[in-house]
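Subject: Structure handover

Hello,

Here is the structure for you to look over. Please open it alongside this email.

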Amino acid sequence: MIEVRGLRKSFGAHEVLKGIDLRCMPGTTTVILGGSGSGKSVLMKHMIGLLRPDAGQVIVDGQDISRLDGRELNAVRRKFGMVFQMAALFDSMTVFDNVAFPLREHRKDLSEAQIRRIVEEKLGLVGLRGVGEKFPAELSGGMRKRVGLARAVVLDPKIVLYDEPTTGLDPITTDNVDQMILDAKRALGVTSVVISHDIGSAFKVADQLAFLYEGRIVECAPPAEVRHSTHPQVREFLQMWFGRN
Amino acid sequence: MRERKVRLRPGEPRPSHAQRKALARLGTALHAFFGTIGHALLRALADLGGITLLAIEVAALAVRPPYRLRNLLAACDAVGVGSIFVVVLTGFFTGAVFGMQLAIAFRLFDAESLAGATVALALTRELSPVLTGLMVTGRAGSAIATELGSMRVTEQIDALATMAVDPRQFLLVPRVLAGLLTGPILCMLFNVIGLLGSYLVAVHLQGISEAQFWSRIQTWVDLADVFGGMIKAAIFGGMITLIACYKGYNASGGAKGVGEATTEAVVLSSVLILVSDYFLTALMVPWWD
């Protein structure tokens, strides 16, 4: 479980997070919605310890990760997988080596044949069997994101973080990515946190929707409840989407 | 800026509008001038502090497992092997032109037999480490800053961290160690090729006696000269890769930021090589003498 308590973060004079409280229950998918610049990525980077809070706590399975040193933090990070907005694949490595990277780093007990079997299985899970020898530059944006997901789940993490997984994708690929998130939850039973400003995808994959506005969570509830929210910013955000669709 | 009222003495003429405007313009220019200098000074101090802290971190991480031999070899290949061609080329022509100039100049004093020894001393003590450093800066330093900067802005460095891999240990330690290790080897290569260039020109084109050329080198050049130059090259190699790592690792702002980081890495490394060379020479002169 991930629990965020009273999280505050400023960059210079600009306060991005102004006291965030959020709880992501095990085996569920929490989608954090919000406009551009609302602090979604900053919140997610705190959840995996890439940023340290100015105040507040980020508790992962009972451990406050904001107080951990580098080595302790790495031990906690092994519970996580993260899918980046632009996939963040290592461009000097092939797709196979990208997906195999976490195994080679953390599973020294595995033989190269076992690594190959696991990598092919994960690439198959995201529908990319047979692209292992290609380099990231040879793939489309959607394929890169799917390789990013295969890499994120290759160690069978308990928690997967998705940073804007559908941004910039066409509707068909967006639907594939949504399905992939649902499959990862069903097949692997992971706790997922998705940050997005794509409301359609959010309603499809979320068990819990949190709406971030000006550095604060102004609404946090299951999708059916959020749809009837009375908060003006949430209503405005939803009306733009549901009015259009 | 708030305007201040100036009280005029009796009989003193009031400054004209044009004079007041010129004074205001001068004030603005001075403010901008000293502001720029102050800003640059603060930035240089921040860089110096950041590079020093990174050097300490890299040293601490280098002795802590996991030891990444494969990454170190790849970095040595990129920094060292990749710089061989440019070092050979510059080494040969530096030695050749130096041999030619000294042979001509020393002939005026009937001292042309000393040309070889002078070239050898200049190469081993100064030219090889400094020019090798500048060549490695241009070739490998810029490549490191660009590669790490690109990895930073495309979140590949964050991705390493999220996979519980220390990006500094994975990316920076091998590169800095590669600079420290390959710097002296490249410097030695520069020495040998430079001496060959000077030998070919001084002996075969300028007609200096071959026996005198080599015997004077044996007389005047000590192992201390060679080792001194190699120590300098190791320091320069470590410094170049450390600065490139610092600038690339901390790059931000997309492609423009990566370009700026690369330029800053090359300029800072080049300047620091020349400045630190003076102080290193001052330290080594008693040893050489």
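Below are notes on the contact between the chains and on one helix.

Please keep in mind that this is a predicted model.

The chain contact comes first. On one side, 16 residues of chain A take part, and they meet eleven residues of chain B. Three elements of chain A each give two or more residues to that side: α2 (70-77), β6 (80-83) and α3 (95-106). The largest share comes from α3(A), with four residues. Sorted by class, the side of chain A that touches chain B holds ten nonpolar residues, three polar and three charged.

Now to chain B and its helix α4, which covers residues 115-153. This helix is mostly covered, with 28 of its 39 residues buried. α4(B) is also bent: the angle is about 55°, at Leu123(B). Just past the end of α4(B) sits Glu155(B), whose phi is positive, about 65°.

Thr118(B) lies in α4 of chain B. Is Thr118(B) buried or exposed? Thr118(B) has 21 other C-beta atoms within 10 Å. The cut-off for a buried residue is 20 or more, so Thr118(B) counts as buried. For a distance to check on screen, take Thr118(B) and Val97(B): they are 13 Å apart in space, C-alpha to C-alpha. In sequence, Thr118(B) and Val97(B) are 21 residues apart.

Best wishes

Key. Residues are numbered from 1 along each chain as its sequence is written. Chains are lettered from A and ligands numbered from 1 in the order in which they are written. This is a predicted model: local features need pLDDT of at least 70, side-chain atom pairs count only at pLDDT 80 or more; totals for chains, interfaces and linings use all residues. Two residues are in contact if their C-beta atoms, placed from the backbone, lie within 7 Å. Ala, Val, Leu, Ile, Met, Phe, Trp, Tyr, Cys and Pro count as nonpolar, Asp, Glu, Lys and Arg as charged, and the others, Gly among them, as polar. A residue is buried if 20 or more other C-beta atoms lie within 10 Å of its own, exposed if 12 or fewer, and partly exposed in between; C-beta atoms are placed from the backbone. The bend at a residue is the angle between axes fitted to the seven residues ending there and the seven starting there.
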